[in-house]
Amino acid sequence: MNTEVRDRIDIRRGDITRLTVDAIVNAANTSLLGGGGVDGAIHRAAGPQLLEECRSIGGCPTGEARITGGYNLPARFVIHTVGPVYHRTTPAKAEGLLMSCYENSLALASQNGAEEVAFPAISCGIYGYPIEKACRVAIDTTIRFLETETVVKKVIFVLFSEGDSKVYADYLVHLENFSD
Ligand code: AR6
């Protein structure tokens with residue numbers, strides 16, 4: 001990882017619904033009609049118009065992403081992606097699907113001119129993906145994307161717990177130590 005790319009990745013602890021960025025990513029389900037966890041928090045903070053727009057989209061397959069407005073959120077857009085349920089498939093398939101979530105979300109951000117994009121730890125709550133494994137997929141995929149990307153300037157990983165943010169921070173340090 002070169003230092004230019006490293007400087008475009010941030011790790012923060014807190015509530016993603018509070019972030020004033022161009023786009024926040026939602027860990028949704030295939031119905032796109034809301035749920036618990038970060039999805040519930042985003043819908044509560046955005047207000048009922050978000051659900052209305054989501055309903056008009058008609059769902060989203062696992063690994064794909066869809067974009068809506070942010071309504072009452074400080075963020076301009078919400079990018080909804082559907083992570084894999086970890087124990088419903090093989091670890092290799094889950095990894096491929098999680099990678100697609102990050103790739104498709106970042107591509108949508110770029111296509112919509114979003115310069116700052118914030119991600120929660122997709123699939124790491126109710127969907128049971130181990131945080132250490134998911135963190136590698138999230139960061140490796142983001143680094144690969146940023147290496148050739150010019151529209152998206154900054155990617156922020158927003159973690160709810162101190163433990164999760166330490167996992168992300170430690171992995172970035174590991175990459176810094178082993179990069180040329
Ligand atoms: N800000 C940042 N991170 C959060 C927030 C928040 N406000 N709230 C929770 N997290 P989860 P999943 C963290 O369960 O595993 C929903 O019902 C949380 O600690 O929200 O992809 C959907 O409708 C965890 O690390 O998403 C789906 O049915 C991470 O966000 C299902 O859950 C993701 O946890 C998706 O499950």
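Among contacts in the chain between residues at least 6 apart in sequence, 71% join residues at least 24 apart; contact means heavy atoms within 4.5 Å. The model is predicted, so local features need pLDDT of at least 70 and side-chain atom pairs count only at pLDDT 80 or more, while totals for chains, interfaces and linings use all residues. Residues are numbered from 1 along each chain as its sequence is written, and side-chain values use heavy atoms, with hydrogens and water left out.

**Overall build**

The chain has six helices and six strands, in the order α-β-β-α-α-β-β-α-β-α-β-α from the N terminus. Helices (H or I, at least four residues) and strands (E, at least two) are DSSP runs, numbered from the N terminus. For 180 residues, a compact globule would have a radius of gyration near 16 Å, and the 15 Å of the chain agrees with this. That radius is taken over C-alpha atoms, and the globule rule is 2.2 Å times the number of residues to the power 0.38. Along the principal axes, the C-alpha atoms fill a box of roughly 50 × 35 × 30 Å.

Buried residues make up 46% of the 180 residues. Buried means under 20% relative accessible area, exposed means over 50%, and partly exposed lies in between (1.4 Å probe, protein chains only). The chain exposes about 8500 Å², of which carbon and sulfur atoms supply 50%; accessible areas come from the Shrake-Rupley method with a 1.4 Å probe, and for residues only the protein chains shown count as cover.

Helix H5 (residues 131-148) has 18 residues and should span 26 Å; its end C-alpha atoms are 26 Å apart, which agrees.

In H4, the buried residues include Leu98, Cys101, Tyr102, Leu106 and Leu108. Gly113, which follows H4, has a positive phi near 75°.

**Loop residues**

Leu32 and Tyr71 each have a positive phi although neither is a glycine. Leu32 lies in the loop between strand E2 (23-28) and helix H2 (37-46), whereas Tyr71 lies in the loop between strand E3 (65-69) and strand E4 (77-82). Arg76 is also found in the loop between E3 and E4. The table gives the accessibility of these residues.

| Residue | Relative accessible area | Class |
|---|---|---|
| Leu32 | 1% | buried |
| Tyr71 | 35% | partly exposed |
| Arg76 | 45% | partly exposed |

Leaving aside neighbours within four places in sequence, Arg76 is in contact with Val21, Asp22, Thr68, Gly69, Gly70 and Gly113. Gly113 is the residue with positive phi that follows H4.

Conventions
The expected span of a helix is 1.5 Å times one less than its number of residues.
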